[in-house]
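Dear colleague,

Here is the structure I said I would pass on. My notes on it follow below.

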Amino acid sequence: SQSNRKIFILVDENSLQHCLPKLIKEVFFLEKAEIIEIESGEENKNIEICAQIWRTLSELGADRKSLLINLGGGVISDLGGFVASTFKRGIDFINIPTTLLAQVDASIGGKTGIDLDYLKNEIGVFNAPKAVFIYPPFLKTLPQNQLVSGFAEMLKHALISDKNYWNKLKKCELKDSVELGKNIFTSVEIKNEIVMKDPAETSIRQALNFGHTIGH
């Protein structure tokens with residue numbers, strides 16, 4: 001049954017410290033989850049780290065009914081999704097993004113992947129998470145440059161699809177969590193709508209790559 005499925009939570013040192021205690025406090029049955037920690041940073045988004053996590057899942061008795069919860073930023077979302085999609089030919093995963101960029105981009109749309117040497121997101125699959133839970137208060141733990149980085153992605157959503165949203169964002173105060181939360185919801189709606197029309201990025205979804213090539 002689903003009630004005795006093994007649950008694993010993938011974290012880095014930041015989400016372990018700032019976000020995991022709050023998550024477990026609010027979702028009491030996650031107290032029994034196994035925690036798997038990796039180091040933060042794009043340089044860890046590689047096949048070696050995947051292999052470490054696959055081994056850990058194996059050693060801890062993960063099976064096809066297991067669930068992986070990805071609690072962290074873009075690296076955790078991308079890498080954790082890929083790990084889950086390939087372990088035992090695919091186990092369920094849930095994304096709980098903890099950075100603004102992950103909340104409006106990496107956690108949404110079912111792109112998973114890792115880097116191959118210096119080639120970004122060279123290896124990966126399209127596979128949607130079972131759910132994405134966005135909790136804006138996690139953003140209070142972020143430095144300003146991380147907020148600005150995520151906000152740039154929101155501006156991009158406005159530029160490619162919604163003039164009214166652009167005008168709203170121009171007045172948005174990043175410190176106003178209620179206003180920011182509403183704008184996050186709008187960004188997720190915009191991205192989701194495009195992804196639903198073109199999940200495998202053969203046509204219109206390519207618009208979401210606006211700014212990414214030079215950004216990467």
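Gln-103 sits in helix 5, which covers residues 100–106. Please keep in mind that this is a predicted model. The relative accessible area of Gln-103 is 0%, so this residue counts as buried. Leaving aside residues up to four places away in sequence, Gln-103 touches Pro-97, Thr-98, Ile-108, Ile-134, Tyr-135, Pro-136, Leu-139, Ile-184 and Val-188.

Helix 4 spans residues 74–86, 13 residues in total. From first C-alpha to last it reaches 18 Å, close to the 18 Å expected at 1.5 Å a residue. Of those 13 residues, 11 are buried, so helix 4 is largely enclosed by the rest of the structure. The buried ones are Val-75, Ile-76, Ser-77, Asp-78, Leu-79, Gly-80, Gly-81, Phe-82, Val-83, Ala-84 and Ser-85. After helix 4 comes Lys-88, which has a positive phi, near 55°.

The last item is a helix pair. Helix 7 (residues 163–170) and helix 8 (residues 177–197) have axes that come within 11 Å and cross at roughly 155°. The two helices are therefore roughly antiparallel to each other, and the crossing of helix 7 past helix 8 is left-handed. Helix 7 contributes Tyr-165, Lys-168 and Leu-169 to the contact, while helix 8 contributes Glu-179, Asn-183, Thr-186, Ser-187 and Ile-190. Sorted by class, this contact of helix 7 with helix 8 has 3 nonpolar, 3 polar and 2 charged residues.

Regards

How values were computed: Residues numbered from 1 in each chain as written. Predicted model: local features only at pLDDT ≥ 70, side-chain atom pairs only at ≥ 80, totals over all residues. Heavy atoms only, no water. Axes fitted to C-alpha atoms, helices over the stretch in contact; angles between N-to-C directions. Helix = DSSP H or I, 4+ residues; strand = E, 2+ residues; numbered from the N terminus. Parallel < 35°, antiparallel > 145°, perpendicular 65-115°, else oblique. Left-handed = near helix turned anticlockwise from the far one by under 90°. Contact = heavy atoms within 4.5 Å. Nonpolar A, V, L, I, M, F, W, Y, C, P; charged D, E, K, R; others polar. Expected span 1.5 Å × (residues − 1). Buried < 20%, exposed > 50% of the residue type's maximum accessible area, 1.4 Å probe, protein only.
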